[in-house]
Amino acid sequence: MSVELKPRKQSVISRLPVLHQLRQSVGLQRGMLVAGLVITTVYVICAVFAQWIAPYGFAQLRDASGPFGSQQPPSPAHIWGTTVGGYDVFSRVIWGAQTALEVMIVAIIFSIFIGVFLGLVSGYLGGWLDRVLVVVADAIYAFPSLLLAIVMSIVISGGQSSLYGGILAAAISITVVYIPQYFRVIRSEAVRIKSEAFVESAMVIGASTPRIMFRHVLRNSTRTLPLIFTLNASEAVLTLAGLGFLGFGIEPTAAAEWGYDLNKSLSDVTSGIWWTAIFPGIAIVLSVLGVTLVGESLNDLADPRLRGRRAVAAASGSVALTSVVPGGPLEAGPGGLAGLEDTEGEADRDR
Amino acid sequence: MTTLVDTPGSLPNEPPENAAESTTAFKKQRIGGGLGRYIVVRFLLIIPTIFILVTLVFFLMRLTGDPITAALGGRLNGEQLQERIHAAGYDRPILVQYFEYLGQIATGNFGSSITDNRPITTILVTYGAATLELAFYALIVAFIVGIPLGMLAAYFRDKGQDAALRVFAILCYATPVFFAGILLKLIFSVWLNVLPVAGRASTGSEFEMQDLPNKTGFYLIDAFQTGDPAVISDVLLHAVLPALTLGLLTAGIFLRLVRTNVIGTLSTDYVDAARSRGISEYRLVRKHAYKPALIPIITVIGLQIALLLSGAVLTESTFEWKGLGFQLAQYLGSRDFVAVQGIVALLAVIVALTNFIVDVAAAIIDPRVRY
C-alpha cells in the first residue's frame, strides 16, 4: 500500500494501463479481466501466426491429393470440414482472425487520429467550427452504424473489393462510424482542461496554441481512451462481420472473412450442415468476448461506484492515478493556489 | 437554443417585467420553464439532424458516380447507358441534383428504385410494417429478459449469479445477430424441428390473410382478423426465432444498464433509510431501487433504436423476414444505389423521429431533462 501512496515511485511496468488495473482488481473482476486477456492473447496469436497455424491457405481449393470437395464433414484432413465453396473451414477461421485484426488496427488508428484531432481542435478552439462539428457528430452518432458503414463501403469500393482495397475499405467504413465517439470524449475533456490553471500559465509563458493543444491538453485528455479503444475494437469486428454477411466485405479469394463465410453457410444450415456456420461464428463471438471482457473490466475499475466493494477500500489509494494528471493534482505545476483562486473567482461571477 | 423559438404563452413563469433584473436569473427561469418549449426546441433540432444525414448520404453515394452505371453497367451498352443517365438527369451538375433531391424529400418523394422501378415510399409502406412488427417483438423480448435479469444481477452483486448474468449479457452483445439467428435455426428448426426455418408465415396462412378487407401488413393483427387459430399460431411460431435473435441483442444491453443503475440507487440515502428500517434487501431491489433505475433506460432506448435497426437488417436477412432490412440487403446485392439511398434516408428520418419521441417521453417522466 505504501507504494500507492507515492504514485511517482511506481515502476513503469505497474503503471502500464492494463497491468495497473490487473493489480487493482480483486476476485471476480480479476477473473473477468484475466479471462478477457487470455482470450484476446490467443486471438492475437492466431491472427499473427495464421500462416503457420492454418494447414491450408484461405483460398486454397486443392492440395497434392486433389480437390478438397464441397461441404465435407469434419475429418482428420479437414478437422472442421469444408465449406460449400470447397475451402477448408479451419484454415479460413484462422486466416479470418488475421483479417479481423488488420481491419481492427487500421480502423482504430484512423479513428483515434482523426477523432482525437477533431475533438481537440473543436474542444480547445471552440467557436462556430465546434458547433458545426458537434451537430454533425451527433447526427452520425445517432444513425445506425451498420447502414453508415454500408454507405461508406459503397463509396470506397463500389461494393467490389480487392485484397488491400477490401481491408482498407472495411476499415475506413468502420472508422467513419467511430470517429464521433472519440470526438465526443476528447472534446469534452478538452473543454474541461482548457480552463485548468496549467493551460492558462502556458498561455502566459507564451506557448503557441498548437503547443498547448498537443502538449498540455492532449496529454491530459487521453485517460478514457483505453476504454473506448477496447469497446470499439470489439464493435469493429462485429461491423466487419456484418458488412461481410451482407456481401460487402472482402472477396473470398482476397482474404478470409468470417461474416462472408457465415453468409455462405446460411443455406447449409437448413440442410443440417453445421460446421460451416458454427466455427466462424464462434470465432467472432470469442474475439468480441475477449476484447469486451477486457474493456468492461477496465471500465468498471475506472468507475469507483462499480468497483467491487473490497476493491474500493483496497485501491482507494491509487484513485489519483485515474484522474486527469497522473500522480495527483500537485503535479499540475504552478496550479495549486492559482487554481483555487480561479475557481473562487468563477463562483463569484456566478453569484 | 432557447432563443430559436418564442412561445411565451406556453411558459408557466412569465419573463420578469423588471428589465433591471440580472440576465442570468432571467435565462434560468426561461430555461427551467415549460415542457411545451422543450418539445418545440427538441423538435426543431430534428431538422438539422435529418438534413445532415440526408446530405451526407447523398454526396457520399454520388462520389462513386451515377447510380445507373452502377446498377445496369454490365447489362446495357454505352449509348443506352448514356440515354438512361440523361433521362434520369444524372448528367446535370451535382448541386442542381442535390437541391432537386432536397425538394423531393421535403415533399415526401424519396425516388424510385432503378432495378424494379418502384417508388421508395411504396417499398416503405409495403415492408415497413414487417420491420416494425419485428422491432416490436424484439423490444418485448428485451424487456422481459433484460429488466428482471438486471435486477437479479444487482441483487446478487459480485456473487456467482451476478458473474454468470454479466457474462450472459456480454455474450448477448458479442454474438452477431446473424450468428445467433443461425444457431437458433440450427437448434430449433433443423435439429429439434419445432419451429419454422424462415419467413413471416407459411404460404397457407399468407394466402388466407391475402383477401382481408383492411389488411394492415402487421401479420399478427391480420391473423387475428382471420379469426383462424391455426393462422394465429402459425404467425406467432414464425416470429419466435427472429424476435429472440434481435431481442437478446438488446436484452444484454438492458441487463447491464438495469444492473448498473439499481446498484447506483441501492447506495442512495433513501434506500439506506429503508434498509435501516429493516426492509429486506430483496424487497429493496423489487420495490425501492428499481423504479428510478428505469429512467436511464428510457433515454437509452433512443440510441437502441439505431442498434435495433442495424440488427433488424441482419436479422431479416437471416430469416428472410420480408421487411425493410431484407429489401435493403436485396438492393445492395443488385447494386441499386438509388433504392439504398432512399431507404437509408428514410431510416434516418425514422431514427430522428423516434429519438425525438423518446426524448420527450424522458422529459415528461424526469423533469431534470428539460434543460
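What percentage of the 371 residues in chain B is buried? The buried share is 39%, where buried means 20 or more other C-beta atoms within 10 Å of the residue's own, exposed means 12 or fewer, and partly exposed lies in between, with C-beta atoms placed from the backbone. This is a predicted model, in which local features need pLDDT of at least 70 and side-chain atom pairs count only at pLDDT 80 or more, while totals for chains, interfaces and linings use all residues. Residues are numbered from 1 along each chain as its sequence is written, and chains are lettered from A and ligands numbered from 1 in the order in which they are written.

**Confidence in chain A**

- Chain A has a mean pLDDT of 72, and 72% of its residues reach 70 or more; pLDDT is the predictor's confidence in each residue, from 0 to 100.
- Helices (H or I, at least four residues) and strands (E, at least two) are DSSP runs, numbered from the N terminus.
- Residues 1–7 of chain A have pLDDT below 50, and this stretch has 11 contacts in the model beyond near neighbours in sequence. Two residues are in contact if their C-beta atoms, placed from the backbone, lie within 7 Å.
- Over residues 310–351 of chain A the pLDDT stays under 50, and the model has 46 contacts beyond four places in sequence for them.

**Where the chains meet**

- The interface brings 44 residues of chain A into contact with 45 residues of chain B.
- On the side of chain A that touches chain B, H14(A) gives the most, with 9 residues.
- That side of chain A has 30 nonpolar, 12 polar and 2 charged residues. Ala, Val, Leu, Ile, Met, Phe, Trp, Tyr, Cys and Pro count as nonpolar, Asp, Glu, Lys and Arg as charged, and the others, Gly among them, as polar.
- H13(A) packs against helix H8 (residues 177–191) of chain B at an angle of about 10°, with the axes 10 Å apart. The two helices are therefore roughly parallel, a label for angles under 35 degrees.
- The H13(A) side of this contact includes Leu262(A) and Val269(A), and the H8(B) side includes Phe178(B) and Ile182(B).
- By class, the residues of this contact are 8 nonpolar, 2 polar and 1 charged.
- Val151(A) touches Val57(B), Leu60(B), Met61(B) and Val344(B), leaving out residues up to four places away in sequence.

**Chain B**

- Chain B has 15 helices and 0 strands.
- Of its contacts with a separation of 6 or more, 72% join residues 24 or more positions apart.
- H14(B) is mostly covered, with 8 of its 10 residues buried; among them are Leu324(B), Phe326(B) and Tyr331(B).
- Gln330(B) is also in helix H14 of chain B, but it is partly exposed, with 16 other C-beta atoms within 10 Å.
- Gln330(B) and Gly150(B) are 180 residues apart in sequence and 37 Å apart in space, C-alpha to C-alpha.
- Glu320(B) lies in the loop between helix H13 (281–319) and helix H14 (324–333) of chain B. Glu320(B) is not a glycine, yet has a positive phi of about 50°.
- Arg335(B), which follows H14(B), has a positive phi near 60°.

How values were computed:
Axes are lines fitted to C-alpha atoms, for helices over the stretch in contact, and angles run from 0 to 180 degrees between N-to-C directions. Angles under 35 degrees count as roughly parallel, over 145 as roughly antiparallel, 65 to 115 as roughly perpendicular and the rest as oblique.
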